[in-house]
Amino acid sequence: FVNKLILVPAALAISAFLPAAIVPLLMIGGLFLCYEGFEKVLHKVLHRSEDDAAARAARLAAMSDASIDPVALEKSKVKGAVRTDFVLSAEIIVISLGTMSSEPLLSQVLVLSAIAIGATVLVYGLVAGIVKLDDLGMALNAQASAASRRMGKSILLAAPLLMKSLSILGTAAMFTVGGSILAHGVPVIEHALEGIVSPLHATSAVLATVTKTLLDALVGIAAGGVAVGIMLLGTRLFKKAPAN
């Protein structure tokens, strides 16, 4: 909610005093989504099982170390999630603002506030429910009723699959949304994609929509790869630069 209290007034101020900045902000946000998605895929492809085991051992050691405050450790994780939410929320708000930049100020305030509150409550309410699925499964599994135990076991089996599916869908959404924003902001790419998709409308609207989605995702993957490559190159050059 603090993120939204910062972002909504900032977005309204940009719309009122610097409307030309909306498109560049959208492009930056779209590129960030592609970067995050590609980095996630790259980590998944390159990581080793030994790394997972080492990371798990480090977490267990940290939790069992009396000198480490578990509350502080949890707060550090929460701060990382809040930073990610800030960027994604900014993207959502700027996209919403871009679709209604010509509306009266009062309408913009009401709609952006509703989106900010609704997204926060619904998205994080859903996340909280998913995180607690295993607790629900354990509680049902401890009941005397055979039906409750069966339901509990089913939830415990389904929860990891659901989490993995959501992770895959979330990554695909990053590429699709980010690629769509970038394609729309670069006329050459937008016209090229339109040239491919437009003839398909005569055949099937569904085929045209699916093709457009896949093309947007490809743009997002390509942009994410370039962004990650530039970031890695910049990091290596920075490390090699002699200190003054």
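Reader: Hi! How far apart in helix 9 are Asp-216 and Lys-212?
Author: They sit four residues apart, so about one helical turn separates them. Helices here are DSSP runs of H or I with at least four residues, strands are runs of E with at least two, and both are numbered from the N terminus. This is a predicted model, where local features need pLDDT of at least 70 and side-chain atom pairs count only at pLDDT 80 or more, while totals for chains, interfaces and linings use all residues. Residues are numbered from 1 along each chain as its sequence is written, and side-chain values use heavy atoms, leaving out hydrogens and water.

Reader: Thanks! What do the side chains of Asp-216 and Lys-212 meet in?
Author: A salt bridge, at 2.9 Å from N to O. That term needs a side-chain nitrogen of Lys or Arg within 4 Å of a carboxyl oxygen of Asp or Glu.

Reader: And is Asp-216 buried or exposed?
Author: Asp-216 is buried, at 5% relative accessibility, whereas Lys-212 is partly exposed at 25%. Buried means under 20% relative accessible area, exposed over 50%, and partly exposed in between, with a 1.4 Å probe and protein chains only.

Reader: How many salt bridges does that rule give?
Author: Two. Asp-135 also pairs with Lys-132, with 3.3 Å between the closest N and O atoms. Asp-135 is partly exposed, having a relative accessible area of 40%.

Reader: New topic: which side chain does the side chain of Ser-89 make a polar contact with?
Author: That of Lys-4, at 3.3 Å. A polar contact is a pair of N or O atoms within 3.5 Å; within protein, one must be able to donate a hydrogen and the other to accept it, and residues adjacent in sequence count only if both atoms are side-chain atoms. Ser-89 lies in helix 4, residues 70-99, and is buried at 6% relative accessible area.

Reader: Nice. What about helix 2, how many residues does it have?
Author: Helix 2 (residues 22-46) has 25 residues and reaches 36 Å from first C-alpha to last, close to the 36 Å expected at 1.5 Å a residue. The expected span is 1.5 Å times one less than the number of residues. Its buried residues include Gly-29, Gly-30 and Gly-37.

Reader: Last one: where is Leu-233, and is Leu-233 buried or exposed?
Author: Leu-233 is in helix 9, residues 205-240, and is exposed, with a relative accessible area of 52%. Leu-233 and Asp-135 are 98 residues apart in sequence and 44 Å apart in space, C-alpha to C-alpha.
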